[in-house]
Amino acid sequence: MFDVVARRHWPGADRVLPRLGRAANHGLLWGGAAATIAVLGSARARKAAVRGAASLALASATINTIGKWSVRRPRPMLDGVPAVRQLTTQPRTTSFPSGHSASAFAFTAGVALEHPLWGAALAPVAVSVAFSRVYTGVHYPSDVLAGAALGVAAGLVVRRFTRDVEEARIAPGDERAAVGAPALPDGAGLTVVVNTGSGSAAMAGLDVLRERLPKAELVECGGPELAAELASAAERATVLGVCGGDGTINAAATAALRAGIPLAVFPGGTLNHFALDLGLAGAEDTCRAVAAGQAVHIGVGRFTPGPGPDPEDTRAGYFLNNFSIGAYPELLGHRLRWAPRIGGGPAALLAAWRVLRAERPVRLSLAGKPRSVWLLFAGNGTYQGTGPAPRYRKSLGEGLLDVRLVHGGGRPGPRLLAAAFAGPLTRSPVHVATRLRSLRLSDIPAGTPLAYDGEHAYAPAALVLDDLPDALMVYRPH
């Protein structure tokens, strides 16, 4: 088969295939494809790009550590391959299996298993890269076929692993069961405010809600009217429902807290961190819990301006997921400002470049001690995973703040990267992690941005962060 390919003339291939193979060196072609998908694609497409990159990394690691050194097949002889096709620099590693083919098919399989349309677009490119390795004389066809099979296997492994992680994440935690939560079998007494501007509100299972709880009141709105509509709904409803993303759910939780009523969450955003951490897989779970009167108590994070928390202070803000000062709020501010003009994906990339290149650490006082920090992260409950931006929580009922700091000094990129790899259990010189009931911040420079549950604001000169245990009743099936 190798000789047949070498002898045959392929019109136009001499210009295209060698260049395509070189473009795939070190995964550069697939890195560019992942970036393009992230910029141009939807949230699902971005997730597919991440899975594709993870599949490529797994395939490459397997090939280079096991595959190349287990068979040790010599490279093909180039006597029959036309000189115009041959690479300027020949590979020095063994021939079996083909690393380029493994990377191409791993990335394509990882993308296709999450987003078939993008996978279909990438498939011809992956096949062409694999064929180019035979065409240029650096691999036998069996090398390419074995590499492609290993790449697809890597994509399937990553898919299985990520599914297991997602299934584990939506497992209910050990939050304390609520006694006396109103049962609304037909939805009478439930008012659900739907944010029409959320990431995927149209796909949030509202048909399920209308079918399972037909007497529930649905109010669709968005933009500046949302907060006022939530407050109005909380005044007249027995249970306040909300359909939207994490920022919308934060606003609904604030309204429910101030009205003293339970909250029903129907996930309708792009990421839905809070719903997943609570153990809600979708609208069906929430409908079942509301009909049966099944709910849990959760803790709520609070940030209050001034030297001490005041329960009556209407300026207090709340966070269900996390609060931060430093690099992330800066990035979020740039992204929100540029997204309406250039789109969300390009705005995120441009914001990251701006923050890592130009920002300076924030100088403030923590518990009365001067500090210089690139990032201060406070989570509502203990997050799993290392680094300054951890992944998910097993419980929302702890009543503790998960506080993580990346100390200032140097440039932000190396500091944040070092902190991400260091983890809270190591003695990292740049990263500190602890759990607290409350934390006092003072001497905050004017104009310092803060972020909470994906929302952006500016910090006052002094703040107190604390966690309110069992502050909010939220519906979830037992």
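Asp470 counts as partly exposed at 29% relative accessibility, where partly exposed covers the range between buried (under 20% relative accessible area) and exposed (over 50%), computed with a 1.4 Å probe on protein chains only. Asp470 has a positive phi of about 50 degrees although it is not a glycine, and its place is in strand β17 (residues 463-475). Helices (H or I, at least four residues) and strands (E, at least two) are DSSP runs, numbered from the N terminus.

The model is predicted: local features need pLDDT of at least 70, side-chain atom pairs count only at pLDDT 80 or more, and totals for chains, interfaces and linings use all residues. Residues are numbered from 1 along each chain as its sequence is written, and side-chain values use heavy atoms, with hydrogens and water left out.

**The chain as a whole**

The secondary structure comes to 15 helices and 17 strands. The chain has 478 residues, of which 50% count as buried. Its accessible surface comes to about 22,200 Å², with 59% belonging to carbon and sulfur atoms; these areas come from the Shrake-Rupley method with a 1.4 Å probe, and for residues only the protein chains shown count as cover. Among contacts (heavy atoms within 4.5 Å) between residues at least 6 apart in sequence, 74% join residues at least 24 apart.

**Backbone exceptions**

Most residues other than glycine have a negative phi, and most peptide bonds are trans. His26, in the loop between α2 and α3, has a positive phi near 60 degrees and is not a glycine. His26 is exposed, with a relative accessible area of 80%. The peptide bond from Phe96 to Pro97 is cis, with omega near -10 degrees, and Pro97 lies in the loop between α4 (43-71) and α5.

**Helix α2**

In helix α2 (residues 13-23), the residues Ala13, Leu17, Pro18, Leu20 and Gly21 are buried. Seen down the axis of α2, its buried residues fall within an arc of 160 degrees, so they line one face of the helix; the arc is that of the directions from the helix axis to the C-beta atoms. An α-helix has 3.6 residues a turn, so residues three or four places apart point the same way. Arg15, Val16 and Arg19 are exposed on the face of α2 turned away from its buried side. The cover over the buried residues of α2 includes α3 (28-40), α5 (99-112) and α6 (116-135).

Five of the five residues of strand β4 (residues 263-267) are buried, so β4 is largely enclosed by the rest of the structure. Leu263, Val265 and Pro267 point one way from β4, while Ala264 and Phe266 point the other way. Strand β3 (residues 239-244) runs parallel to β4 and is joined to it by five bridges; strands pair if DSSP finds at least two bridges between them. Ala264 in β4 is the bridge partner of Gly241. From β3 the chain crosses through helix α10 (residues 246-259) to β4 in a right-handed β-α-β crossover. Right-handed here means that, with the strands pointing away from the viewer, the path from the first strand over the helix to the second runs clockwise.

Thr286, in helix α12 (residues 283-292), is buried at 0% relative accessibility. Leaving aside neighbours within four places in sequence, Thr286 is in contact with Ala264, Val265, Phe266 and Leu280. The side chain of Thr286 reaches the backbone oxygen of Val265 at 2.6 Å.

Val208 lies in helix α8 (residues 206-212) and counts as partly exposed at 27% relative accessibility. The C-alpha atoms of Val208 and Cys287 are separated by 8.0 Å, with the two residues 79 apart along the chain.

Four of the five residues of strand β8 (residues 362-366) are buried, so β8 is largely enclosed by the rest of the structure. The table gives its pairings.

| Strand paired with β8 | Bridges and sense |
|---|---|
| β9 (residues 369-380) | five bridges, antiparallel |
| β14 (residues 438-442) | two bridges, antiparallel |

Leu364 stands opposite Arg371 in β9, and Leu366 stands opposite Leu441 in β14. β8 and β9 form a hairpin with two residues between them, and Ala367 in the turn has a positive phi of about 55 degrees.

Key
A polar contact is a pair of N or O atoms within 3.5 Å; within protein, one must be able to donate a hydrogen and the other to accept it, and residues adjacent in sequence count only if both atoms are side-chain atoms.
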